[in-house]
Structure formats: structure tokens, C-alpha cells
Amino acid sequence: MESGVVAVNHESKATSTITIKGILSLLMESIDDKHDDSKRVISLGMGDPTLATCFHTPKVAEEAVVEVLQTHKFHGYAPTPGLLQARKAIAEYLSRDLPYQLSTDDVFITCGCTQAIDVSVAMLARPGANILLPRPGFPIYELCAAFRQVEVRHYDLLPEKGWEVDLDAVEALADQNTVALVIINPGNPCGNVYSYNHLEKIATTAKTLGTIVIADEVYGHLAFGANPFVPMGVFGSIVPVLTLGSLSKRWIVPGWRLGWFVTNDPCGTFRKPKVVERIKKYFDLLGGPATFIQAAVPRIISQTEEVFFEKTIDNLKHTSDLCCKEIEDIPCIFCPCKPEGSMAMMVKLNISLLEDISDDIDFCFKLAKEESVIILPGTAVGLKDWLRITFAADPSALREGMKRIKSFCQRHARKL
């Protein structure tokens, strides 16, 4: 789900609304315009762990897909909500961490978490509706809301409090037309992991406001700090929760496009006949992931060994620590809090310490041209003069990339 929208105006580039992938493409083009062949391109912008040699897809996942293909039984269409065995496996997988049991009727298979986002916004759209989104956040929600004519209202995440939700701002923004409060946990782009107590406060706030929670958990279980991952569905008895997730990040298979849209609702709000009918009808319009990928899900979930997940977590902790350590030596960049999960982090850019750099977008384009390093401007995720750095990368590439960023900052340092 590495996508989103942002307005860009840089040198000869026209001002327009483009995707995050579009920004990264423009950054790559700027390297091609004037590329120093002695420097290999280092991309710390795209959240695709498959690009790093230290992250691997579990062998059992690949074997499961091959086995399914060789049965010759899964070349046709899947039911629109998804294959029953895949829905059952996902329900059982998510229920491990919940105080109640999900059923197959609660689970719908989607083409990646991006489609799950679109479904959640589409389900809630109505005249005058508004949705509360985090800033910084994942901009694909804004794009989906724009297509559905749903008003977007942003609440701030608080870097000084580990990127917690500003609940006072949420209460001030919400009204009778608020249809959902979106949270992303573990956080993209911030690398935060919310505590049990903070998630409970979010649930209680949403209940008071009379709205539901959309819980984006595409990075679920990728937590390596003080707070363990707690799914928002734990609080489903307080407030209805739509859980969005996928195999992409935890199993290192983003290109397989296997996601889910799940109703966590032990009190039955989503089981009302009209609601169920609306969800089912919408899924009739969609095409889910390949049938053979769905058919492989039960084995992928049940047979992936814990040691695989532990190794992924160890690698992420190591690379995030390395990134933070290197940032300490770069005066114009500041990390307000170390990441505790996911695969990316936000750092503050102090423009006042730099010459000939106007903002975060200018910084990233000039960095790409001069040092062949790609990072994402914070404007792309809602925070001007911040930067998003992806640390799901090989340690050697991270070290070299941060070394080049330091050289770039020294070269552009404002003369006292």
C-alpha cells in the first residue's frame, strides 16, 4: 500500500497532484538527468522490504503457492468475499489476539490493503459525511475520500508523545456527520506503536463521538520497542472497528496483493441486514487477489515458523537503531522519537541551517541529484519540512545513504 497523493512544484516539474510513487519516480528521473556513475542509487523512500537482501519471504509461503497451482483446482473465479478457506484462516489468525472469536462472515478478502481502504471509505460515504485522518498519515485515504466526495478532516499526531493521537483535536473536529476515525498502528509513516491504554482511550473517544474506528494494521505485529502490538479489535465491544490488513509486510510479499477488510463488532452493529447487504453488494463490484494466492493462505498462516517473524523483527530493530545513530551526526535533521515498529520513521528538517534549500521537497530533489539518495519529503504525508526515511533496507545501504545525506547537509550548511 505504498501510494498516496501530494502536490509538487519543483523546477521544471509541473504543479499537480501525484501519487507518492509518482514523487519517487520524479526523484529517480532527477538522478538520471545528472547521474554520477560512481554512486549507485540508494532508495530509502519506498516501503518495499523485498528490495533489501536481509528480508526474505518465508519458504513455506512460496511452497504453498506452488502446491496450490499444481492441484489445478484454483484457476477460476473466487467468490466475491474471497475463498472460504482463506477467510476462515484469516479469522482464526486475527482471533488469536482478541477476547472474542471472529467468524468467516466477518472477513472479506481484498486486493491488498489499498483496496481495503477504498472499501472502508466507500462503505461509509454519504452526503455531507466527513472522515478524521491522522497527520502525518497515509495519503491514499485522502484520494479515496476525494473520489467518494467525503470531506477529510485532519487531526495531529504528537511527536513529543511518541506520535500519539491528539484526542482533544479529534473531539473538536468531529460532528454528527463524522463517519469514522482512522488510526494507523503500527504507524506509517512515523514508526510508532500505540500502548493498550492509548488505544482504549481512542476507542472510548470514538464511542463518545458516535463514530466507528478504521484500524489500519498493515504493519501488524511488526513491533520491536517498549509497546507490544495490540490490535484495535480488542476494543470492539466499546466501539465498532473495521480492521484493514494484509500479508504484505509481515510475510514480505507486497506484490501478492492479499489483504483483508474485517468487521470487529461483537455487539453486532455491522451485522444489521442493510449493512451486510451493502458490504456484500459492494464486493460484487470488486476483483480480489488471484484465486491461487487466496488458496495458499491457510498453509501460509498456519505453517510459517515463529523464528521467521523473530528474524524480521530483529532486522528491523537493527536497521532502525542504525538509522537513528547515523541521524545523530547530521545537525540539520532531528529525530523526535525512535521508531518502535513498522518500517519507516519521520525526522524533522531544520531548513534554517541550510543554504539554497527552500523546503523538504527541494531538499529531496537536490539530494537525489547530488548524492543519488532517495527519501520522501514530509509534505507527501502531510508534514512540511519533515522527511520520511524507510529503514527496511540493507545495513550497508543505510550506512552509505546516511553518509551521503550528511555530506549533502555539510555542503549546503549555512555559513555563520
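Let's begin with a pair of helices: the crossing of α2 and α9 is right-handed. Keep in mind that this is a predicted model.

**How α2 and α9 meet**

- Helix α2 spans residues 59-71 and helix α9 spans residues 291-303; their axes come within 8 Å and cross at roughly 140°.
- Angles over 145 degrees would count as roughly antiparallel, and α2 and α9 are therefore oblique to each other.
- On the α2 side, the residues making the contact include Val-60, Ala-61, Ala-64, Val-65 and Val-68.
- On the α9 side, Phe-292, Ile-293, Ala-296 and Ile-300 are among them, along with Arg-299.
- Sorted by class, this contact between α2 and α9 has 11 nonpolar, one polar and three charged residues.

**The two sides of α5**

- Which residues of helix α5 (residues 140-147) are buried? They are Ile-140, Tyr-141, Cys-144 and Ala-145.
- Viewed down the axis of α5, these buried residues fall within an arc of 135°, so they line one face of the helix.
- Ala-146 and Phe-147 are exposed, and they sit on the face of α5 turned away from its buried side.

**Around and after α5**

- The cover over the buried residues of α5 includes helix α4 (112-124).
- Strands also take part in that cover, including β5 (130-135), β6 (151-158), β8 (178-184), β9 (212-216) and β10 (241-246).
- Just after α5, Gln-149 has a positive phi of about 60°.

Key:
Residues are numbered from 1 along each chain as its sequence is written. This is a predicted model: local features need pLDDT of at least 70, side-chain atom pairs count only at pLDDT 80 or more; totals for chains, interfaces and linings use all residues. Side-chain values use heavy atoms; hydrogens and water are left out. Buried means under 20% relative accessible area, exposed over 50%, partly exposed in between (1.4 Å probe, protein chains only). Helices (H or I, at least four residues) and strands (E, at least two) are DSSP runs, numbered from the N terminus. The arc is that of the directions from the helix axis to the C-beta atoms. Contact means heavy atoms within 4.5 Å. Axes are lines fitted to C-alpha atoms, for helices over the stretch in contact, and angles run from 0 to 180 degrees between N-to-C directions. Angles under 35 degrees count as roughly parallel, over 145 as roughly antiparallel, 65 to 115 as roughly perpendicular and the rest as oblique. A crossing is left-handed if the near helix is turned anticlockwise from the far one by less than a right angle, and right-handed if clockwise. Ala, Val, Leu, Ile, Met, Phe, Trp, Tyr, Cys and Pro count as nonpolar, Asp, Glu, Lys and Arg as charged, and the others, Gly among them, as polar.
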